[in-house]
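Trainee: Can you walk me through this model? I'd like to go topic by topic.

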Amino acid sequence: MSSSSSFYEQPQVITCKAAVAWRAGEPLVMEEVEVSPPQPLEIRIKVVCTSLCRSDLSAWESQSLLPRIFGHEAAGIVESIGEGVTEFEKGDHVLAVFTGECGSCRHCMSGKSNMCQVLGMERRGLMHSDQKTRFYIKGKPVYHYCAVSSFSEYTVVHSGCAVKVHPLAPLHKICLLSCGAAAGLGAAWNVADVQRGSSVVIFGLGTVGLSVAQGAKLRGAAQIIGVDINSSKAEQAKTFGVTDFINSNDISEPIHQVIKRMTGGGADFSFECVGDTGVATTALQSCSDGWGMTVTLGVPKVKPEVSAHYGLFLSGKSLKGTLFGGWKPKSDLPSLIEKYMNKEIMIDELVTHDLAFDDVNKAFELMREGKCLRCVLHMQK
């Protein structure tokens, strides 16, 4: 060990339990995995809790990059740090995030974007820093998911993909702010900039859609229409600000015509929270000529191309996309957590199930059957 690192305690390999996907759509298998020490500018986290996001489900059903450890909405405690890490110490409480903030690239410096060019969404199942994995089973590598992989008792993330949080913030609630809840709030506030007295339509009333509704309500939207195919969501949607509910399976005419009639010509803002490009087109048709804005948040499993008649844009409508609601994780998440701690935003109501880590497959089934919003998995018994 060199003199420059004489006070640096070299972390060792940890063996722990992880839920591993071996085949697409098949139940995850609890395995003993070896978790490598954090490399320079990385931290190793003891995962306390992790929630299941629909993108985990979609990737599990269709992913060919296997074996893999899914999970990306997570909170935990720093177990060890790699060389060069100055922002975190052992014992810090953190959120892991699927997109990072280096603070120095063109996008981070622009003030216009949260799409970090260094620590953006990782799609190859490897670490940002060296394009290698930190998980192994009997010496064979296991792929990461979104550079987080929280369905493991321990995981390694780049320090730029973690946010230090107040030690009194409940990790089993605020983990939702590392993806879905924050994405919905940010879409309403940062991307659409919903105005007081405006009309809003939201397609898909899962965690993201309900968070959009909450954000629109807090901005003073006068009319918030929720569209879903599950009528059991109608009552809960009211809690988050939805004023009118439509089950799109129960109507015989095109849904955009119904919305135009309800809003007197189209909504000021429409949000696609399903992950279906056909729904994105419907959302665009449902917003007002002249100024209507459609924001798409969902990640489609099939047919990624959006199809729309150019006349919709000539009429003054706009279509915007967003990743993580426009939030820069390190710069912005602490303020969201503060709002939660001050009871200014609702998060607890999005957690419909608290399950043990061993019940991870039950969580997948609940989400696949549409019987939950967020299942939070608790790693420790």
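Trainee: How many salt bridges does the structure hold?

Mentor: The structure holds 17 salt bridges, each being a side-chain nitrogen of Lys or Arg within 4 Å of a carboxyl oxygen of Asp or Glu. This is a predicted model, where local features need pLDDT of at least 70 and side-chain atom pairs count only at pLDDT 80 or more, while totals for chains, interfaces and linings use all residues. Residues are numbered from 1 along each chain as its sequence is written, and side-chain values use heavy atoms, with hydrogens and water left out.

Trainee: Which residue does Lys 164 meet in a salt bridge?

Mentor: Asp 92, with 3.6 Å from N to O. Lys 164 sits in strand S9 (residues 162-164) and Asp 92 in the loop between S4 and strand S5 (93-96), so the pair ties together parts that are 72 residues apart in sequence. Helices (H or I, at least four residues) and strands (E, at least two) are DSSP runs, numbered from the N terminus.

Trainee: Is Asp 92 buried or exposed?

Mentor: Buried, at 15% relative accessibility. Lys 164 is partly exposed, with a relative accessible area of 39%. Buried means under 20% relative accessible area, exposed over 50%, and partly exposed in between, with a 1.4 Å probe and protein chains only.

Trainee: Which strands are joined to S3 by bridges?

Mentor: Eight bridges join S3 to strand S4 (residues 73-81), and the two run antiparallel. Five bridges join S3 to strand S8 (residues 154-158), also antiparallel. Strand S17 (residues 374-378) is joined to S3 by three bridges, again antiparallel. Two strands pair if DSSP finds at least two bridges between them.

Trainee: Which residues stand opposite each other?

Mentor: Among them, Ile 43 has Val 157 in S8 as its bridge partner. Thr 50 stands opposite Ala 74 in S4, and Ser 51 stands opposite Val 376 in S17.

Trainee: Now the inside. Which residues touch the most other members of the largest nonpolar core?

Mentor: Phe 151, Leu 177 and Phe 271, in a core of 95 residues. The largest share, seven residues, comes from helix H4 (residues 180-191). A nonpolar core is a set of buried Ala, Val, Leu, Ile, Met, Phe, Trp, Tyr and Cys residues joined through side-chain atoms within 4.5 Å.

Trainee: Why is H4 described as largely enclosed?

Mentor: Because eleven of its twelve residues are buried. The buried ones include Leu 185, Trp 189 and Val 191. Just after H4, Asp 193 takes a positive phi of about 55 degrees.

Trainee: What is Phe 271 in contact with?

Mentor: Leaving aside neighbours within four places in sequence, its contacts (heavy atoms within 4.5 Å) include Ala 187, Ala 188, Phe 203 and Leu 297.

Trainee: Where does Gln 131 lie?

Mentor: In the loop between helix H2 (106-110) and strand S6 (135-137). Gln 131 has a positive phi of about 55 degrees although it is not a glycine. Ala 147 also has a positive phi, near 60 degrees, and lies in the loop between strand S7 (140-142) and S8. Gln 131 is partly exposed at 30% relative accessible area, while Ala 147 is buried at 2%.
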